[in-house]
Amino acid sequence: MSDLPWSGQSVADLLRSWRSDPRFMQQVATWRTLAAQPAHFVPLPPALHPDLQAALARRGIEQLYSHQGEAVEAALHGEDVAIATPTASGKSLCFNLPVLHTLLADPQACALSLFPTKALAHDQLAELTRMGAALGSAALSAAITTYDGDTLSAQRATVRRQARLLLTNPDMLHAGILPNHPQWARFLAGLRWVCLDEMHVYRGVFGSHVANVLRRLRRLCRHYGSDPRFICTSATIANPAQLAAQLVERPVRLVERSGAPRGEKHVLLLNPPLVDAEKGIRRSATLEAAELAARCIGAGLQTIVFGRSRLTTELLLTYVRAALARAATPAATPAATPAATVHGYRGGYLPAERRQIEAGLRSGAVRGVVATHALELGIDLGGLGAAVLCGYPGSIASTWQQIGRAGRTTETALALLVATAGVLDQYILQQVDYLFAQSPEHALVNPENLILLVDHVRCAAAELPFRHGEQFGPGTYLDDALTLLAEMGEIYRQGGHCFWGGESHPARRMNLRSAGRASVLVEAIHPRSAARSAIGEVDQASAQFLVHDGAIYLHDGQSYRVQRLDQEALRAEVVAVDVDYYTEAITETEIELLACHSEHALGPSTAAHGEVAVHAQVIGYRRIQRVAHTTLGVYPLQYERTTLESNAYWCQISAETQQALESAGLWFDSANDYGPNWQAQRAAVRARDGCRCVACGAGEPPGREHDVHHKIPFRFFGYVPGRNEAYLRANQLDNLLLLCRACHRRMETAGQLQTGLDGLAYLLSQLAPLHLMCDRSDLGVSVARAGQPGSCARIYLYERVPAGLGFSALLCELHEQLLAAADSLVRSCPCAQGCPGCVGPVLDGQPVQLETKRLTLALLECLNSRQPSPSFTRQTER
């Protein structure tokens with residue numbers, strides 16, 4: 001880094017230097033140059049209000065991009081519209097122009113714009129203020145305002161009284177506006193437009209909540225005599241029209257062909273060099289991204305760097321500043337170095353700090369910013385020269401949102417995606433068409449999820465009594481929900497109406513980001529002062545997994561260790577610590593099939609989805625080193641078993657496939673038959689060890705014998721009943737230990753050999769989010785090994801939300817596509833036995849017969865209707 005140029009360079013100069021750098025070019029997996037695109041203009045719609053046309057002309061806008069013209073025309077003709085065009089294509093005008101047209105034409109009209117973040121709302125307020133000034137209407141400008149958690153209490157009455165265009169977020173609409181609708185009667189009666197910006201964010205649990213919030217809004221609008229139309233904007237996803245129609249429950253006109261100009265853009269996908277090729281360990285993506293960002297800033301390019309978490313952004317900021325400081329001239333003062341012009345940006349910063357950084361980016365005073373996805377959305381930052389993405393953001397839509405932050409003008413720009421060693425990152429590098437072709441991601445919502453629906457029916461009843469025969473969305477569950485609430489004593493029926501009987505409005509106890517009502521408060525204890533402060537909350541169902549005793553909880557870049565989880569008081573006590581590891585809960589999971597909704601056999605496998613009960617128990621946790629992802633230790637826990645009723649997709653392996661692989665020495669997932677001498681050997685071990693656990697010394701509890709554990713796993717010996725006597729070696733006394741249940745679990749967890757079934761389960765769980773546009777934490781995975789001879793093994797991917805959101809049905813449809821993707825990923829991975837980038841971490845020294853990668857490939861060959869190749873037949877030595 002010592003040769004960093006500090007004088008301004010062009011993107012072309014920087015790219016030429018990289019092309020001549022062999023070390024850099026070895027990391028380049030893909031280098032795509034997206035050609036510049038000229039603008040396609042159309043005239044302003046003749047029906048647009050003349051004052052608005054004049055105001056646009058004063059701002060130098062005499063025509064619109066083609067997609068803006070199409071969207072505005074459709075809206076002015078009374079259609080509900082969804083716009084899905086790339087970042088920086090001017091989507092805001094698509095909804096601002098119809099809204100302002102209506103406000104100018106009708107003095108009583110009002111409009112509501114919903115944004116997923118407060119920052120976006122404030123950014124739009126600045127743009128609308130400029131438009132109001134161009135219109136020359138002080139009265140209209142004063143009637144355009146934001147309303148969110150930052151709005152001062154003294155100002156709220158004025159907002160309710162005067163607002164005509166209200167900019168807010170779904171959370172404030174849910175908890176601050178709808179429960180107090182009598183105070184908003186004027187606004188709701190005049191409501192003509194509802195705009196949903198960044199619609200693709202409204203997916204999963206959050207999107208399902210938002211769909212129900214919009215139902216409540218439309219219900220109150222009908223009460224006050226209005227019927228607003230909707231305009232939605234979205235990033236590029238596979239199903240924008242479907243998502244919009246599910247959210248607003250009306251057909252929409254889709255506008256998706258952009259007419260906006262675009263400068264030439266170079267998109268580079270980089271894979272950090274391998275540090276250990278056999279284990280698939282690569283150089284840290286964080287270090288690599290920081291160095292590249294410093295090169296861009298040092299070359300004079302205004303640069304944005306994205307990290308996937310708050311912790312990553314803090315590390316990136318430190319590394320970028322350090323690299324720039326090292327390269328600065330010795331005589332430069334700290335304030336004069338480029339390092340001083342690089343700032344962080346994430347949740348947790350004060351609003352004034354964020355506004356200052358945004359202004360610095362627009363003016364050019366800030367030369368670099370390191371951000372979480374908080375800056376991914378459409379805040380106006382001016383024309384940035386480069387975007388550096390540290391790791392795949394988790395969805396293709398987010399990837400293009402972040403890439404699109406560079407080159408928001410017609411100038412040449414640069415975007416770098418630095419991959420981690422994770423499965424999705426490596427898969428995207430190998431299958432670049434997923435990124436550059438049509439997005440495969442489906443944004444899914446399920447407003448009819450009974451858990452969420454009951455919560456919103458509860459809120460709707462508190463807002464306005466339900467009439468007999470009234471509808472709440474297109475589903476048929478309203479009567480069931482009302483009956484349930486009546487049985488619980490929360491509503492009462494009288495005169496054909498259902499009235500709310502609670503003391504306070506239930507919306508205040510609901511979080512739109514989670515399913516269920518109860519949350520566990522995360523409370524930081526400050527040892528010196530003994531003071532306590534709330535720093536976050538997690539939903540009750542996730543508490544055992546996220547804030548168990550000993551867990552590391554991350555907040556605002558700081559690590560906290562959980563001292564105690566009090567499940568009765570719904571409180572987790574944490575203390576700040578400085579550690580280089582994170583934790584991962586270890587669970588025992590049992591799947592109970594309740595109902596199968598659909599299944600189809602595909603030769604060696606069967607794909608199905610249906611209702612399941614997931615019985616899970618947290619039995620311990622791992623400490624995992626942050627950079628190398630190696631397990632530092634395993635620690636026992638003992639929590640009560642929980643049950644989640646949800647939906648699942650499963651892949652069932654046919655008995656014939658299992659038998660074929662077993663005959664070839666490539667299947668170790670059948671139930672263990674420990675051989676005819678097992679009971680005698682078991683009794684001998686108990687006698688030898690005095691019926692005490694050899695690890696902790698605990699005696700056997702009443703009614704339960706301790707477990708007998710094989711040091712070398714039994715399946716390694718290849719015993720086949722009736723065909724060999726391999727059980728004799730497996731069951732030798734020196735290979736057997738007596739362990740209590742807790743110690744046995746800990747030892748099995750720390751040293752579990754991963755089979756082909758485990759490898760495939762890991763792959764499916766990692767690849768599924770690519771198609772579902774969900775977080776990896778939204779899905780759980782469980783392996784059910786074959787119990788009896790002739791029975792079938794299954795891999796379950798279950799939804800962690802009670803009653804599910806529809807992921808399972810889509811996964812069932814994508815079954816063959818997922819298997820093909822898994823096969824492609826494993827074959828192209830350069831590791832020897834398996835790694836976190838393909839079949840998951842494997843144990844050092846895992847026997848060749850049980851090499852996870854070899855077994856997974858053999859299984860995938862069968863499932864993709866091919867026989868295992870000769871290279872995967874039984875081996876006894878390498």
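Me: How do you know that the length of helix α28 (residues 815-828) agrees with its 14 residues?
Reply: Its end C-alpha atoms are 20 Å apart, and 1.5 Å a residue should give 20 Å, so the two agree. The expected span is 1.5 Å times one less than the number of residues. Helices here are DSSP runs of H or I, at least four residues, numbered from the N terminus. This is a predicted model, where local features need pLDDT of at least 70, side-chain atom pairs count only at pLDDT 80 or more, and totals for chains, interfaces and linings use all residues. Numbering starts from 1 along each chain as its sequence is written, and side-chain values use heavy atoms, with hydrogens and water left out.

Me: What is the result of that check for α11 (residues 204-224)?
Reply: Its 21 residues should span 30 Å, and its end C-alpha atoms are 31 Å apart, which agrees. Just after α11, Gly225 takes a positive phi of about 90°.

Me: Why is α11 called largely enclosed by the rest of the structure?
Reply: Because 18 of its 21 residues are buried, meaning under 20% relative accessible area (1.4 Å probe, protein chains only). In α28, the buried residues include His815, Leu818 and Asp823. Of the protein's 878 residues, 54% count as buried.

Me: What makes up the largest nonpolar core?
Reply: It has 83 residues, buried Ala, Val, Leu, Ile, Met, Phe, Trp, Tyr and Cys joined through side-chain atoms within 4.5 Å. Leu760, Leu767 and Leu772 touch the most other members. Helix α26 (residues 756-772) gives the largest share, nine residues. A second, separate core has 42 residues, including Leu178 and Phe187.

Notes. Buried < 20%, exposed > 50% of the residue type's maximum accessible area, 1.4 Å probe, protein only. Helix = DSSP H or I, 4+ residues; strand = E, 2+ residues; numbered from the N terminus.
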